[in-house]
Amino acid sequence: MTIELLKGEHFNLESGAEKSLSHFCVGVNWGAIQKPVFLGLYKKVINVDLDLSVLMLDDQNNIVDYIFSPKYKNVQIHSNTIDEGKLISYDSALRHSGDDVTGDTDGDDGLDNEVIIIDLNKVDSKISNIYFFLNHVGEGGFSEVPFAKIRMYDGTPYKINYTYASYDVTDVETYADQNALLMGSLNKQNNHWGFEAIGEAFKVTNFGEIIEKILNR
C-alpha cells in the first residue's frame with residue numbers, strides 16, 4: 001500500500017515489506033500545460049521543463065556531492081563555483097535518468113519524467129543527508145503545471161513495480177508562484193536511512209540560489 005506523504009512526514013526505509021530498502025528510485029512525474037483555444041474546442045500543448053536535482057551533504061552541512069543537469073554551468077554557491085552539473089554521483093550510488101524538457105504532453109502516462117536511481121549500499125560514508133529539489137525552467141511558477149508528484153518506488157525509469165511513498169506537489173496552494181521546491185530528503189541516523197517530505201518552496205533568480213537556500217535552512 002502506497003503511503004501518501006504530507007509535508008513534514010517521514011517514511012522509514014526499515015519499515016517496508018523488506019527488512020531494509022536500499023535499492024529504489026526517486027522520480028518526479030509532471031504534465032505539460034494544455035490551454036484551450038478556439039472556444040475551447042481544441043487544446044494547445046505547451047511544454048513544461050522541470051529539473052530534478054540532488055544535493056549530498058555531510059553531518060556538518062558541507063557539500064560532498066551533487067547531481068544536476070550539465071546545462072547549468074558556472075553555478076555560484078557562496079564563494080565557490082561548480083563548473084557544470086553531472087548526472088552520476090562520484091560514488092556511482094545515484095544516477096539521473098536524464099533531462100526531460102516537455103512533461104507528459106497527452107495526460108499522465110503513469111511514468112516519471114525524471115528519475116534518480118539509488119543504491120544506498122554504495123553511498124559515500126561521509127554523506128548524511130541527500131536532498132531532492134525541483135526547479136521550473138522558464139518564467140512561470142508551479143501554478144502552471146497541471147500535475148506534479150514525487151514518489152519513491154521499486155523499478156526502473158521505464159517500469160514501476162511498487163510505489164512505497166508519494167508526495168503531491170501541485171496540491172499545495174503556496175507553491176503556485178514559486179519556481180523552486182525542496183521536495184524531500186534521505187537522512188541517515190545511526191546508519192539507518194529514512195525519507196522526509198519537506199515541501200519548502202522558493203522564488204529564485206538563478207540555480208545556485210536554490211542550493212544556497214538548502215545549505216542555509
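D51 counts as buried at 2% relative accessibility (buried means under 20% relative accessible area, exposed over 50%, partly exposed in between, with a 1.4 Å probe and protein chains only). The model is predicted, with local features needing pLDDT of at least 70, side-chain atom pairs counting only at pLDDT 80 or more, and totals for chains, interfaces and linings using all residues. Residues are numbered from 1 along each chain as its sequence is written, and side-chain values use heavy atoms, leaving out hydrogens and water.

**Exercise 1.** Determine with which residue D51 forms a salt bridge, and which parts of the chain the pair ties together.

*Solution.* Step 1: a salt bridge requires a side-chain nitrogen of Lys or Arg within 4 Å of a carboxyl oxygen of Asp or Glu. Step 2: the partner of D51 is K71, with the closest N and O atoms 3.1 Å apart. Step 3: D51 lies in strand 6 and K71 in the loop between strand 7 (63-67) and strand 8 (73-77), so parts 20 residues apart in sequence are tied together (strands are DSSP E runs of at least two residues, numbered from the N terminus). Step 4: K71 also forms a salt bridge with D99, again at 3.1 Å between the closest N and O atoms.

Note on methods
Helices (H or I, at least four residues) and strands (E, at least two) are DSSP runs, numbered from the N terminus.
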